[in-house]
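This briefing walks through a few parts of one structure. Look at the sequence and the model first, then read the points below.

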Amino acid sequence: MTDPHPALALTDEVRTALAEGRPVVALESTIISHGMPYPQNVAMAVEVEGIVREHGAIPATIAVLDGTPRVGLGPDGLEKLASDPDVVKVSVRDLPYVVARGLHGATTVAATMRLAAISGIRTFVTGGIGGVHRGAELTMDVSADLTELGRTDVAVVSAGVKSILDIGLTLEVLETLGVPVLVVGHDEFPSFYSRSSGYGAPLRVGSAAEVAGVMRAKWDLGIEGGLVVANPIPAADEIPAAEMAGVIDRALADLDRLAIRGKDATPYLLGRIVELTGGASLTANIALVRANARLGAAIATAYATPVD
Ligand code: PSU
Ligand code: MN
């Protein structure tokens, strides 16, 4: 059995599953290192891998350890990413440096998509994707996650985008890049903590099988690039958008006051929101990731075993 790329280290389990055409779900690691506090982050990472397995797919958490991009991690790797402050946040532009220097890196949605695609994994589960930041007309802060969605063939399951971003502009850029935005079972695009955002669902689908059908149709036509699969947070776990608005405005004001920019902006905002909500946002965040893991496993299974 040959590896998909000499620079990548796949676990035996992931390599075998891919070679046999069995469903595999990629998971990102910046959500672990820079998205949630320790130790809830490692507990979440272990639990989500378990949910993917219970729903019939193989989990492949992706990160860089000692300069080697890894597809599939053991418990020690997850613990290191969760607890070691020297782990670097790695988007696509950072990958070459972190690999060349032999560093540890946690991959963002963009970098995880790229490594998943090289490995032959087409389904990826996370919490929220990056997008166009508020005020981007001046700062030009637009996440490389969007660039990658425009060119790399992976379906990304998320609960939409947080309103730390400009949701309307994020949807506009996704449209420009030719990225299908599918909302599962809902008429509105969700805003992470809330099922609503004030923006309609660009496309609505009813099931994992339908998502898999759109993935196949896109790539069979030779249309390169990813898909956004937005899974609204379960109603029981929702925090109303109006309740989050004040918290988010305060976090954005603090960001401004501290003049935090570039790759540090998103991790700062995520951490500040957890502080300002006294942990309530973290509970909601973990709940939506669980729901996304269930949906992602179902999509990977439907994509691996077409019924038609
Ligand atoms: N949004 C979240 N949780 C996250 C992230 C974004 O709600 O953990 C992380 C993801 O790894 C995402 C990255 O890919 O932040 C985007 O960072 P930036 O905005 O710097 O591109
Ligand atoms: Mn940015």
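Is Asp141 buried, exposed or partly exposed? Asp141 is partly exposed, because 18 other C-beta atoms lie within 10 Å, while a residue needs 20 or more to count as buried and 12 or fewer to count as exposed. The model is a predicted one.

**Asp141**
- UniProt lists Asp141 under "binding site", in an unreviewed entry.
- Asp141 sits in the loop between helix H7 (136–139) and H8.
- Leaving out residues up to four places away in sequence, Asp141 touches His133, Ala136 and Ala265.

**Other binding-site positions in UniProt**
- The unreviewed UniProt entry also places the feature "binding site" at Lys89, Val109, Ser143, Ala144 and Asp145.
- These positions are spread over 57 residues of sequence, yet they cluster in space, with a largest C-alpha distance of 13.2 Å.
- Lys89 belongs to strand E5 (residues 88–90).
- Lys89 is buried, because 20 other C-beta atoms lie within 10 Å.
- Not counting residues up to four places away in sequence, the contacts of Lys89 are Thr30, Ser33, His34, Ala106, Thr108, Lys263 and Pro267.
- Asp145 is part of helix H8.
- Asp145 is also buried, because it has 29 C-beta neighbours inside 10 Å.
- Beyond four places away in sequence, Asp145 touches Thr108, Val109, Ala110, Ile129, Gly130 and Gly131.
- Thr108 is among the contacts of Lys89 and among those of Asp145.

**Around ligand 1**
- There are 18 residues around ligand 1, and Thr30, Gly35, Gly128, Gly130 and Ser143 come nearest.
- Helix H2 (30–33), helix H8 (144–151) and helix H12 (265–276) are the elements that each give two or more residues to this shell.
- By type, the shell around ligand 1 holds 5 nonpolar, 9 polar and 4 charged residues.

**Gly74**
- Gly74 is in the loop between strand E4 (68–71) and helix H4 (75–83).
- Gly74 counts as exposed, because it has 11 C-beta neighbours inside 10 Å, and the cut-off for exposed is 12 or fewer.
- Gly74 and Ala60 are 14 residues apart along the chain, and their C-alpha atoms are separated by 9.7 Å.

**Helix H10**
- Helix H10 covers residues 208–220, which makes 13 residues.
- From first C-alpha to last, H10 reaches 18 Å, close to the 18 Å expected at 1.5 Å a residue.
- Which residues of H10 are buried? They are Ala208, Val211, Ala212 and Met215.
- An α-helix has 3.6 residues a turn, so residues three or four places apart point the same way.
- The buried residues of H10 pack against strands E8 (155–158), E9 (181–184), E10 (203–205) and E11 (227–230), and against helix H13 (280–304).
- Exposed residues Ala217 and Asp220 are on the face of H10 turned away from its buried side.
- After H10 comes Gly222, which has a positive phi near 80°.

Terms used: Residues are numbered from 1 along each chain as its sequence is written. Chains are lettered from A and ligands numbered from 1 in the order in which they are written. This is a predicted model: local features need pLDDT of at least 70, side-chain atom pairs count only at pLDDT 80 or more; totals for chains, interfaces and linings use all residues. Helices (H or I, at least four residues) and strands (E, at least two) are DSSP runs, numbered from the N terminus. The expected span of a helix is 1.5 Å times one less than its number of residues. Two residues are in contact if their C-beta atoms, placed from the backbone, lie within 7 Å. A residue is near a molecule or strand if its C-beta atom, placed from the backbone, lies within 6 Å of it. Ala, Val, Leu, Ile, Met, Phe, Trp, Tyr, Cys and Pro count as nonpolar, Asp, Glu, Lys and Arg as charged, and the others, Gly among them, as polar. UniProt positions are given in the numbering used here, feature names are shortened, and annotations may be inferred rather than shown by experiment.
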